[in-house]
Amino acid sequence: MEPTSTRLRGFLRKPTPERVKAAGAAEFMHLSDDEATMYAGVLKGVLSNLDRLDELSFNHAPLKWTTRDPGRRPTPEEDPFNAFVRRCLVQGAADGPLAGVRFGAKDNLAVAGVPLTNGSRVAPYAPTQDAVSVERLLDAGATLVGKLNLDDFSSSGTGESAFFAPARNPHDRTRSAGGSSGGSGSAVASGHVDLALGVDQGGSARIPASFNGVVSLKATHGAIPSAGVTHMDHSIDYVCPIARTVRMTAIATDVLTGHDDRDPQWVRGANEPTHCVDALDAGVAGMTIAVVQEACDPALCDPDVLTNFERSLTALEEAGATITRVSIPLWKDAWAIETALLCTLAWAMNQSNGIGFGHRGVVDENRSHAFALTRKLEADEFAPFYKVWLLAGRYLQDEYHGTMYAKAQNLRYALTQQVEAALSGATLLAMPTTPQVAPTLLQAPEPEDVILGRGTTMVTNTAPTNLTGHPSLAVPTGRDRDGLPTSVQLVGGLFADAVTFAAGAVVEAAFGTLTPPDLPIGQADDLTVQVDVEMS
């Protein structure tokens, strides 16, 4: 047997009978004084065994890319659309499929040595490891140039909850850049980065893509590792590439996808890297593309959004696709289902200090400790929407004993089956990405405006596939009468991510890419530069 540690302090504190009694009461036990004393003795032995954990060590993989500058907050002149939380620099590989590409990462993704804020006023934490998605882009030759603005703790969809103030839409500075990955969409559309990473739990990457006139893929669940994300829940977290073109998004997807042992997600089936670039020239001849009727309700969608959506269907049809219509009855109820899930899952993630009770991969222990301190010392500074989830989660568990969570899980399963049934007769599903264009930013929004207002309608067509796991590609479909971007969403079968790009390329060929008007001098010219990247 190995000798015990020679350290003199730092052992786990053993509970007193009084502390045991309080813990029991929190778990609805009514312990007598004698029982509390007995259990305190038992727990002393159990926790003494756990002291062994402090004598064992887990060595994280060495940091691959060590040439980095943690940077600083940019000035307004450097960041005219408020898309960045921090300008920084991390150099990746000298060559690769993304050599020469500048990218930014939403500031809920870990970058070693760079403070991570989650768009909040709570104390930031500087990770010691890169998120797997960040690491993979660096491996492919890209250069990280900044951490990007977001809604406070990713908890709404317009940017108005961001502690650093909302990112601005380059097509109209008075409009929302979307959320929660608003800085990611704005930075790509304005040309400050060629590629961005967003994180999507209900549309948080596709909504900014739609509002800013750029492209984003929410891949099949588990296809892109989520290790290094500030998680909401491992079953609805998605790291998403955002770029101006379908091609750049496809290249990034192929770089990002594939198994990693550090990933906390649970994936059913193979998880090999995608080959989306290979599908870009495949076309849509012979495909059947089914329009989801519930997603195109005129009472839900702006007229110009529907007009441009129909134009995208015409382009697909002229390229050889067959357009049909299909009903998915639970589609319109997806946000209600996800709300019930988020109330429980975000609360549970909070209870686990940001780890998640179903975690399968590698954990940053220091980050979990930092989260725990934030939760206990700075919870009053949490965003209103996040507070609602935590309060509702506790209330529903205490008063309804898990029944609403159980119902939501069953309805999630039913929705997944309905989407699978629709795809059994179609190659892809199609609908507007967001029912409306980017809304005007409120000057002084109240919590109710952010929580109960327009943020709950923009997720109508994005939230369903966060629940079902299906790949969903957002592609611009032109502009409305006020010059604001509109977008189509193409949904494929599980692990059929490449098929969405075949159709996305057809839509892009019909509408082109969107350049915002009145960009600062020199910036519009940058947008015309096409980085010549080919998959090796």
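Me: Happy to start with charges: which residue does Asp51 meet in a salt bridge?
Reply: A salt bridge here is a side-chain nitrogen of Lys or Arg within 4 Å of a carboxyl oxygen of Asp or Glu. For Asp51 the N to O distance is 3.5 Å, and the partner is Lys14.

Me: How many residues apart in sequence are the parts that this pair ties together?
Reply: Before going on, note that this is a predicted model, where local features need pLDDT of at least 70, side-chain atom pairs count only at pLDDT 80 or more, and totals for chains, interfaces and linings use all residues. Residues are numbered from 1 along each chain as its sequence is written, and side-chain values use heavy atoms, with hydrogens and water left out. Helices (H or I, at least four residues) and strands (E, at least two) are DSSP runs, numbered from the N terminus. Asp51 sits in the loop between α2 and β1 (68–72), while Lys14 belongs to the segment before α1 (17–26), so the parts tied together are 37 residues apart in sequence.

Me: Is Asp51 buried or exposed?
Reply: Buried means under 20% relative accessible area, exposed over 50%, and partly exposed in between (1.4 Å probe, protein chains only). Lys14 is partly exposed because its relative accessible area is 30%. Asp51 has 7% relative accessibility, so Asp51 counts as buried.

Me: What is the distance between N and O in the salt bridge of Lys147 and Asp107?
Reply: Lys147 lies in strand β4 (residues 143–148) and Asp107 in the loop between β3 (102–106) and α3 (132–139), so the pair ties together parts 40 residues apart in sequence. Lys147 is buried at 0% relative accessibility, and Asp107 is buried at 0% too. Their side chains meet, N to O, at 2.6 Å.

Me: How many salt bridges does the count come to?
Reply: Glu78 and Arg72 form one of them, with the closest N and O atoms 2.8 Å apart. Elsewhere, shared partners join Glu135, Arg136, Asp260 and Arg262 into one network. The count by this rule is 16.

Me: Which residue does a cis peptide bond join to Gly179?
Reply: Most residues other than glycine have a negative phi, and most peptide bonds are trans. In this bond omega is about 0°.

Me: What is phi of His401 near?
Reply: His401 is found in the loop between α10 (384–400) and α11 (403–424). With 64% relative accessibility, His401 counts as exposed. Its phi is positive, in a residue other than glycine, and is near 55°.

Me: With which side chain does the side chain of Asn461 make a polar contact?
Reply: A polar contact is a pair of N or O atoms within 3.5 Å; within protein, one must be able to donate a hydrogen and the other to accept it, and residues adjacent in sequence count only if both atoms are side-chain atoms. Asn461 lies in the loop between α12 (447–452) and α13 (463–468), and it counts as buried at 0% relative accessibility. At 3.0 Å, the contact is with the side chain of Trp331.

Me: How many residues are in the largest nonpolar core?
Reply: A nonpolar core is a set of buried Ala, Val, Leu, Ile, Met, Phe, Trp, Tyr and Cys residues joined through side-chain atoms within 4.5 Å. Leu98, Phe103, Leu137, Leu195, Leu316 and Leu429 touch the most other members, and the core's residues number 85.

Me: How many residues are in the other core?
Reply: This core lies apart from the largest one and includes Phe153, Ala346, Trp347 and Ala463. Its residue count is 23.
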